[in-house]
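Grab the sequence and the model, and let's work through a few exercises together. Each one comes with its solution.

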Amino acid sequence: MAVQIVMDRSGDSRFLFDPASATEVADAERRFRQLTRRGFTATARLGPGQMAILRSFDPNVEECVFFPQLVGG
Amino acid sequence: MFGLDRSERADRRRRQALLALFRQHRLNRSPDGRAQRLLREWLTPAQRQQLASRGHFEVVGSHTGRRYRIYSGAAMNVCELDDHGRVRRGLCFLPVGELPTGDVMLAQKLALEMCEDSVMLVAREFVPRPLYWT
């Protein structure tokens, strides 16, 4: 199972999906597009200490964290 | 001791352990607890160690290679370091929304490590608190 972790007021919301299921992958891709359109940045952990920004949806990424748009304080 | 026999003392220890377990469980389910857990999961072992022992951790900017220190906090908690590891200036930026502290710190870490140039476009400079200069 893969997971999309979205930061929010509750700490985070986690959305699990099965990369082998076309329906679940489609839902995950839709969520990815909605969030990035709203200004969230998607980041993936590729290995120990290795991370990358996801510019497009990749169903093979096992764990992805979305953080909201940044503003100056 | 204190008029308690061995079984009463063992009972008391069991109750205290159970209470501590419940408290930890409740904390882990709170927004702050969940955010702290996510932060710990995404820190490198070295950063986790720094946070546990010093209350802050360091990251390297993706574009300039500059080092930044992220302190526990949700605003005015990031400082740029000079070549000697001394605080050079404060940078204030945070994700929109009222996120728990752990989420704010993780967003700051991820942003500096992966899109430092975007951070610099929005961050406001501030004079760090004396506590941060040490």
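Two residues are in contact if their C-beta atoms, placed from the backbone, lie within 7 Å. This is a predicted model, where local features need pLDDT of at least 70, side-chain atom pairs count only at pLDDT 80 or more, and totals for chains, interfaces and linings use all residues. Residues are numbered from 1 along each chain as written, with chains lettered from A and ligands numbered from 1 in written order.

**Exercise 1.** Find what helix α1 of chain A lies across.

Solution. Helices (H or I, at least four residues) and strands (E, at least two) are DSSP runs numbered from the N terminus. Start at residues 22-37 of chain A: that's α1, and it lies across β1, β2, β3 (41-47) and β5 (63-67) of chain A. Now check direction: α1(A) runs at about 145° to β2(A). Angles go from 0 to 180 degrees between N-to-C directions, with axes fitted to C-alpha atoms, for helices over the stretch in contact.

**Exercise 2.** Work out the strand order of the five-stranded sheet in chain A.

Solution. Strands pair if DSSP finds at least two bridges between them.

**Exercise 3.** Which strand of chain A is joined to β4(B)?

Solution. Look at β6 (residues 70-72) of chain A: three bridges join β6(A) to β4(B), antiparallel. Within β4(B), B:L94 is the bridge partner of A:V71.
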